[in-house]
Amino acid sequence: MDNKGMYSMWLLERPPFSFSRIQSPSATKTTSTSVIAPSQPLSHLTSFPPVPTLAEWSTLWSLWDLITLEMIPPSMLLTKPIDLRHKCLFYLGHIPTFLDIHLTRVLRRMGKKEEGHTEPEYFKDIFERGIDPHVDDPSVIHPHSEVPDKDEDWPALDEVLAFRDRVRARLIRVYEEYGVERKGESTVRDFPRSLARVLWMTWEHEAFHAETLLYMLIQKAGDADGTLPPPGFATPQWETLTKLPGWTQPIPTSTVTLEAGAEVSLGHDDIEAEDNFEQVNSPTHEFGWDNESPKRTAKLGEKAVKVETRPILNGEFYDFWMKERKAGGFALPGLWVLDSEGNVQVRTVYGPVPMSVAANWPFVSAYDDLEAFAKWKGGRLPTQPELRLYMDKYEGAEESNIGFKNWHPVPPQLPDVENGARGHNGGVWEWASTLFDEYQGFEKSVLYPGYSSDFFDGKHQVVLGGSYATVPRLAQRRSLRNWYQHNYPYAWIGGRVVYDI
């Protein structure tokens, strides 16, 4: 009951699944004199076991099946929501095929020469690897699987799902046969380190694809016979949400200063060459992709910079876009769409919503769009070291919008610098001005040789953080680096402005 004698009723929902996240009091609040320094990043928050548990696999499969079987209507399976990607059915076959290929390889390396690929074996020829063509010239593309040209030549959905189930059963047998139960933790198993890496890698591979498939599907959400909303999750009441202060009232902006020459630790030490079948993975080891290792130190530039604590928002970019549009400039951003009356709406998995609903959400688009906005404001986008240092100090609030806490962005929560409280950006990745490229100490993965190096082409930018659709295992690993082409408009990546002092 409030001070006026009025009662409120809170309605709670139990979603079909939820992802565990790391909780730590110091992730949400520190004292103003002990804000985590560059030499003390958020690495102390890491507490996931090195290898995902079978319960984590089960949760991930629930997510994957919900997206692929309940959000994609049958009429969409052989369509491309984005021309630069495969048809939807490819991804239903790709995920179990990738897992099966790597299980077969690692088990054979363990001496199990009789281990073969799960039938039908030809799936590995069409489903092994997807595509990421150049935006400017889609004919330029890295090595990939050759998929059928005609719709009638693709495997039937039932055949793909039966294959999926056999591969999942195979994975469970691997856990039961080779997993060593950790003392005092009955659900956690350790494995020979080479096998452990494969189990970790294939889990994160599927988690990444859940998000990338969703940003494809969002392009058709709200269309007739298009993407369906996620069942089992309450549909947002947009009209009610817009009555909340943070959704409609202007969000003030401020800046924090990062000192010139400040040092920041990048990456972690996870040396794939040290893997073997004799040594069980350390309970504290943290696996990562090849572009995360080794741990190294970077320095900020010779000038201090001011960083805006508020990410670039839809509403402010809309004002900029309208001015540029009148001057014959920018095309419509990839996550925006015009309604029948020419009004800008923002795409969500529930269909487009008015700009009035999404004005205070973080703006997501291609790097080129956000960089142009930053320059218009007299600034630029941050480098990877600048962005990493800012995130270490001021991001990571317990309320962070990651891991499907919501199925859409939300207004950001700004850090309370004076009182040491952390904030969050509303649930998007963030662009860095640093090119995704080779660096001193980089070693190409043996298990997945082209994972990073295929994209050291001068066209991709480093991306940090995570979105509302990024699982916590990824979003909460500080060393994680993602990347996208600078003019790729579909991924859920935002940005913030920095100013040289």
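Helices (H or I, at least four residues) and strands (E, at least two) are DSSP runs, numbered from the N terminus. The model is predicted: local features need pLDDT of at least 70, side-chain atom pairs count only at pLDDT 80 or more, and totals for chains, interfaces and linings use all residues. Residues are numbered from 1 along each chain as its sequence is written, and side-chain values use heavy atoms, with hydrogens and water left out.

**Exercise 1.** Locate Asp225 and classify its accessibility.

Solution. 
- Asp225 sits in the loop between α6 and α7 (238-241).
- Cut-offs: buried is under 20% relative accessible area, exposed is over 50%, partly exposed is in between (1.4 Å probe, protein chains only).
- Asp225 has a relative accessible area of 63%, so it is exposed.
- Its phi is near 60 degrees, a positive value in a residue other than glycine.

**Exercise 2.** Find where Phe404 lies, then decide: buried or exposed?

Solution. 
- Phe404 belongs to the loop between α12 and β10.
- Its relative accessibility is 5%, so Phe404 counts as buried.
- Phe404 is not a glycine, yet its phi is positive, about 65 degrees.
- For context, most residues other than glycine have a negative phi, and most peptide bonds are trans.

**Exercise 3.** Check the span of helix α6 (residues 193-217).

Solution. 
- The expected span is 1.5 Å times one less than the number of residues.
- With 25 residues, α6 should span 36 Å.
- The end C-alpha atoms of α6 are 36 Å apart, which agrees.
- As for cover, 25 of the 25 residues of α6 are buried.

**Exercise 4.** Describe the setting of Asp416.

Solution. 
- Asp416 is in the loop between α12 (384-394) and β10 (429-435).
- Its relative accessible area is 32%, so Asp416 is partly exposed.
- Tyr394 is 22 residues away from Asp416 in sequence and 8.5 Å away in space, C-alpha to C-alpha.

**Exercise 5.** Locate Glu146 and classify its accessibility.

Solution. 
- Glu146 occupies the loop between α4 (123-127) and α5 (157-178).
- At 58% relative accessibility, it is therefore exposed.
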